[in-house]
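Work through the exercises below with the model open. Each task is followed by its solution.

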Amino acid sequence: VVIMLQSVRRAGTRLRLRFSTASAQQGDANAVSPGEIYGEDHLAIQDLIKKFVDEDINPHVDLWEKEGIFPAKQLFKKLGNLGLLGLTKPVENGGQGLDYSFSLAAAEALGHINCGGVPMAIGVQTDMATPALARFGSAEVRAQFLTPSISGDMVACLGVSEVGAGSDVASLLTYATKDGDDYVINGGKMWTTNGSQADWMCCLVNTAAATSPTQVHTNKTLVCVPMDSPGVSVSARFDKLGMRSSDTVQCTFDNVRVPQAYRIGEEGKGFIYQMLQFQEERLFAAAANLIQMERMIQQTFDYTSHRKAFGKPVIANQVVRFRLAELQTEIELLRALTYRATAKYVDGGDATLLASMCKLKVGRLSREVADACLQYWGGMGFMNETPVSRFFRDGRLSSIGAGADEVMLEVIGKLLGFSGKK
């Protein structure tokens, strides 16, 4: 595995150039054709992940779903040993130094997991809590928090949402005041994935008062907060509708003292850094759902091929076949949009518009696929023992987390110039 990833890393520059121009050279394992973003090395990483999922994750998913938690520290250490937690992260911190197309390939392969909670938790570690740290953090803070997160020796969580500020990030109230060389943090974070097992939090806090509406975007800072710091308290795990194998908690900060050296990048740039992190988070959400949706369609086809009603298989009804065909077409369209957004992001462009479109579409399409497939399972679809029931519950979060559908529409509308103002 190490040799394979080192080989991939050496080819990374060539891949980025070819990825940018979409010109493939015959016989090169990393060559990609127009409209494609994966070469043979991407596919090799996906095969590695699928093998790991089949052997180390899926046999345990039903138990983790029942218990409401999975062993993140043990699982992340195994992923770290395989080099899969730092595909795009700096080599000096133990990462592979590859472009984001490799992270997207990994996210898509995580769709082989038979639930949504575990892929989401892995995504927090790789694509939500660590991108800003890798890009803007000092060498010292990266060594303390990023390096062990890549190796799987630390579990990370992200602290953005609060009780009164979810998708409206600018409205968060958690505050950090300076005291000597430290920040003293008061407030709290809500819906924290990995929170009960995390070693540190990438936490967005106010470090100055906002005296005007525009200053809510320039008074925020990202800080690495060790979760064992005095004053950090974590609630009992929430009993959720879906994503049940992923632990979710509320975190409270009562005069939590952390060194200012744990700041990520510049003070006051936290909002901007978090918006950049959202690009990767939203692309991850789109990619991680593609195979899950396809699996639901295939399993629904298999079930309706055997389940008979009125003397014939359910799939013999044209309306069922046409609906599944239509949904598969929608998935392929989302895949193409996700690949296009990734291509722009890898080339250094601003992918905010396309990533927001991906996030909006995956949320709505996940709900559509889940609802249609469950309907064709009939009464069995209403049973918790069937995979379509779990997908129905897990998929609902896609339209809420990382920016609700309505927020995505607002972002898309603004970027398209649809302000509604004369």
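**Strand pairing**

C157 stands opposite M201 in strand β4. The model is predicted, so local features need pLDDT of at least 70 and side-chain atom pairs pLDDT 80 or more, while totals for chains, interfaces and linings use all residues. Residues are numbered from 1 along each chain as its sequence is written, and side-chain values use heavy atoms, without hydrogens and water.

**Exercise 1.** Determine in which sense β1 and β4 pair, and which way the residues of β1 point.

*Solution.* Strands are DSSP runs of E, at least two residues, numbered from the N terminus; two strands pair if DSSP finds at least two bridges between them. β1 and β4 (residues 200–206) pair in the parallel sense over 4 bridges. In β1 (residues 156–159), A156 and L158 point one way, C157 and G159 the other. All are buried (under 20% relative accessible area, 1.4 Å probe, protein chains only). In a regular strand the side chains alternate between the two faces of the sheet.

**Exercise 2.** Find the polar partners of the side chain of D247.

*Solution.* First locate D247: the loop between β6 (232–234) and β7 (248–259). D247 is buried and has no salt bridge (side-chain nitrogen of Lys or Arg within 4 Å of a carboxyl oxygen of Asp or Glu). Finally, a polar atom of the D247 side chain lies 3.4 Å from the backbone nitrogen of G195.

Key: Buried < 20%, exposed > 50% of the residue type's maximum accessible area, 1.4 Å probe, protein only. Lys, Arg positive; Asp, Glu negative; His and termini not counted. Polar contact = N/O pair within 3.5 Å; in protein donor to acceptor, adjacent residues only side chain to side chain.
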